[in-house]
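Hello,

Here is the structure I promised to send over. Please have a look at it first, and then read on for what turned up in it.

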Amino acid sequence: MSNNKTSSDVSAKDLIENIQSNFEKQGYICNTHIATAIFLSQSLGKPILVEGPPGVGKTELAKATAEWMEKPLIRLQCYEGLDEAKALYEWKYGKQLLYTQVLKDKLNQIVSKSDSLESSIDNLNNFDDIFFSEKFLEPRPLLKAIESENGSVLLIDEIDKSDDEFEAFLLEILSDYQVSIPEIGTIKGKVKPIVFLTSNNTREIGDALKRRCLHLYIPFPDPFLEEKIISSRVPEIDENLKKQLVSFVQGLRSLDLKKLPSVSETIDWARSLVLLNIKTLEPDLARETLNILLKFQTDIDVSDPEIDNLIEQSKK
Amino acid sequence: MVDFLRDFIHILRSSDLRVSTSESIDAMNVVSKIGLNDRSLLKDSLSFSLAKTLREKEIFSECFDNFFEENYMNFNDEKLPKIFDDKNIKLGDIKDSDNFQNNLEELYKNSDKTSLMTAMALAARDANLQDIKLFTQVGMFTRKIFDEMGLETLNNDIFQASRDGKTQREEELKNIRENLRIEIRDYIENQVKLRTSNTGKQLREDALSQMRLTQADKSDYKIMSGIIKKMAKKLISVHSRRKRKSQRGLLDIRSTIRANQEYEGILFETVWKKTKVDRPKIVALCDVSGSVANVSRFFLMFLHSLTEILPNVRTFAFSNKAGEVTDLFENKDINIAAAETLLLNGGGSTDYGQAFVDLEGYLENNIDRKTTVIILGDARSNYGDPRCDVLKTIQEKSKRILFLNPEPKSVWGTGDSEMLRFVPYCSKSKVCSSLFDLERVVDDMLRSSI
């Protein structure tokens, strides 16, 4: 048994490394921790709940996965008041109405054919079924993801923004990958979609939902990883500047700020420094461009006295 | 494998980490996919299915490191998988035969640490070590496990040696016995550290939430503010749901007709009126003089932990004069704010009359029929004028007044207590002396105000 284990072990590790290198090709740099989560969610068929501060690439992770697997990405943005009709399916009322108008004559014929009231009702009943068929069903993201023939990547973004009720409603879909429509029946997907849920932790997610998911926490990247990300996204950047810039941003994150600068903001900053054709970071320059990294005036005020120090440190 | 996971999950649970059955099944699946050889990979993978918040991940990481330090020191050790596999049973068989029991001496002399650990783990299982609760039980369990491993035979051998006059052998055997005892004791102490790190805390928390707050010791503040956070979280989840439900109003006919014009006036979609929720305003006036300071401190913490469902809270603290402390609690860490409140407004002899006058001055026209006024104090006014007339005007302007008194009802009105003169102006007056009481009072208040 121990031998078996070693062989399966090697392959698991290889698969994880494979995922990691594939992501790198897409321009998404991640550590083994994230790659392991993707591997497990795939092999266990479980959704992943991704949490972490804003701007660390939670949504990007889903996009990269979709691209790597060459499956369509279906995205559902959550907000307060999101309900079944917008997330799952809706009847095309307008179309149904239009059809009944257009088919008025046809209906008249059918009704006139039957001699008794009872048989005409029976006849009309048949129509009822036609009107509540899949032809008149407007699939929304969740239904689309379940119905897709070759599987898909479903991204339920910012689940913490939705209501408790919506969270409860997701439970059926996430554990069984099926949807019940009263007029039609239960629709079950042929291929399980790969599901990502992201959350910024503005609200604690319910235990029931958490239980059905694997939980991945993405923190801010360490300097090494962040440098790698920068060189992948902004390849034209000067090697020396990159090191300085990353160390500076990492220093900023240790300050007591309202909103810490995220990876995406580091990338933006790197791009603008490249545009300005800058080779080394200087305090004045940092002050002038700080509004790219920090989005609150109070944060800029707090970090201002520290800038000289941080630049000094980053040059080492 | 099942054994080791079950054990590990048991330890996680005892460290205040909730692991459901379905999550442990997930963990099993994870392990079967990943295998046991790579420790850091295993740790990563298990954390996905067992720990689901940042705090839980920290606990998990600590437990994992401790657990694998102790029990399964080296994954690459070839002998080790024996513990995990079905061969387990085989080992058990050996144990039952005399073979194992007799050879305690040989076990010690010939085998390496791993097999000694294995033998100990097995004996520990038979001795129900997982039930250990307190460190005082270490001695008892050492004895039990020693017995399971065959102490009796060893003792007999020692006895035999001494009777035969073989002093050297006797010494040697005694040495072995002593060393083994130390090994077992170490093992158990580690297990206790692993398993009971939280049960003690649990007991302490229970006791603290029942204890009279006036008796609370400074060293307990940290735990207590933790308890308050838990209680507040519970109340928020109970009451926020109810609030949302009560926000939907009646059918709005006019908007419904307008919304359905595109369907030739056939009513498909419904539009609902929104009821205006009157957010309750809460004004709290807390006595922060020596005797009641502790209760006030925790009550203020409690109120300000509820901002999610009580957005309009204004708090005042007084001993001889009242001062507003709302800003302190909103902008600072709750523990620091509590300490500063006591520093700014505490001390001095209590004067309820002055406090009421000050409060009225602060509020002026900001008090209306939606406002609930909560007064917390022992109503001991040092024989000063209690100014019931001011309390009366406050009562007339506000929705209601709640009076929370940490003293038991039997002493209300004794000595300089003006409680009995305040009671007529309050819609409710309650004894409130422990965290548990606090929770009940706040829950009650929320129920009737939202």
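How many helices and strands does chain B have? Chain B has 22 helices and eight strands, where helices (H or I, at least four residues) and strands (E, at least two) are DSSP runs, numbered from the N terminus.

Before you go further, a note on conventions. This is a predicted model, in which local features need pLDDT of at least 70 and side-chain atom pairs count only at pLDDT 80 or more, while totals for chains, interfaces and linings use all residues. Residues are numbered from 1 along each chain as its sequence is written, and chains are lettered from A and ligands numbered from 1 in the order in which they are written.

**The two chains**

Of the 450 residues in chain B, 34% are buried; a residue is buried if 20 or more other C-beta atoms lie within 10 Å of its own, exposed if 12 or fewer, and partly exposed in between, with C-beta atoms placed from the backbone. Chain A contains 16 helices and nine strands, and buried residues make up 30% of its 316 residues.

Contacts here mean two residues whose C-beta atoms, placed from the backbone, lie within 7 Å. Among contacts with a separation of 6 or more, residues 24 or more positions apart account for 74% in chain B and for 79% in chain A.

**Where the chains touch**

The contact between the chains takes 28 residues from chain B and 24 residues from chain A. On the side of chain B, the elements that give two or more residues are helix H2 (21–34), helix H3 (39–50) and helix H4 (54–70). H2(B) gives the most, with seven residues. By type, this side of chain B divides into 10 nonpolar, seven polar and 11 charged residues. For that count, Ala, Val, Leu, Ile, Met, Phe, Trp, Tyr, Cys and Pro are nonpolar, Asp, Glu, Lys and Arg are charged, and the others, Gly among them, are polar.

**Sheets**

In chain B, six strands form an open sheet in the order E5-E4-E3-E6-E7-E8, with mixed pairing; two strands pair if DSSP finds at least two bridges between them. Its edge strands are E5 (322–324) and E8 (428–431) of chain B, and each pairs on one side only. Strand E3 (residues 281–287) of chain B runs parallel to strand E6 (residues 371–376) of chain B, and six bridges join them. Leu285(B) stands opposite Ile375(B) in E6(B).

Chain A has an open sheet of five strands in the order E2-E5-E8-E1-E9, and here the pairing is parallel. Strand E2 (73–77) and strand E9 (214–217) of chain A each have a single partner strand, so one side of each is left without a neighbour in the sheet. Neighbouring strands of this sheet are turned by 20° against each other on average, direction ignored; such angles run from 0 to 180 degrees between N-to-C directions, and axes are lines fitted to C-alpha atoms, for helices over the stretch in contact. E2(A) pairs with strand E5 (residues 153–157) of chain A over five bridges, and Leu73(A) has Val153(A) as its bridge partner.

Chain A also has a hairpin, formed by E6(A) and E7(A) with three residues between them. Four bridges join these antiparallel strands, E6 (residues 178–181) and E7 (residues 185–188) of chain A, and Gln178(A) is the bridge partner of Lys188(A).

**A helix pair in chain A**

Helix H14 (residues 283–293) and helix H16 (residues 307–315) of chain A pack at an angle of about 120°, with their axes 9 Å apart. That makes H14(A) oblique to H16(A): angles under 35 degrees count as roughly parallel, over 145 as roughly antiparallel, 65 to 115 as roughly perpendicular and the rest as oblique. Pro283(A), Ala286(A) and Arg287(A) of H14(A) make the contact with Ile307(A), Asp308(A) and Ile311(A) of H16(A).

**Two residues to look at**

Most residues other than glycine have a negative phi. Ala379(B), however, has a positive phi near 60°, and phi of Tyr383(B) is also near 60°. Ala379(B) lies in the loop between E6 and helix H20 (388–397) of chain B, and Tyr383(B) lies in the loop between E6 and H20 of chain B. Is each one buried or exposed? Ala379(B) is buried, with 24 other C-beta atoms within 10 Å, whereas Tyr383(B) counts as exposed, with 10 C-beta neighbours inside 10 Å.

Best wishes
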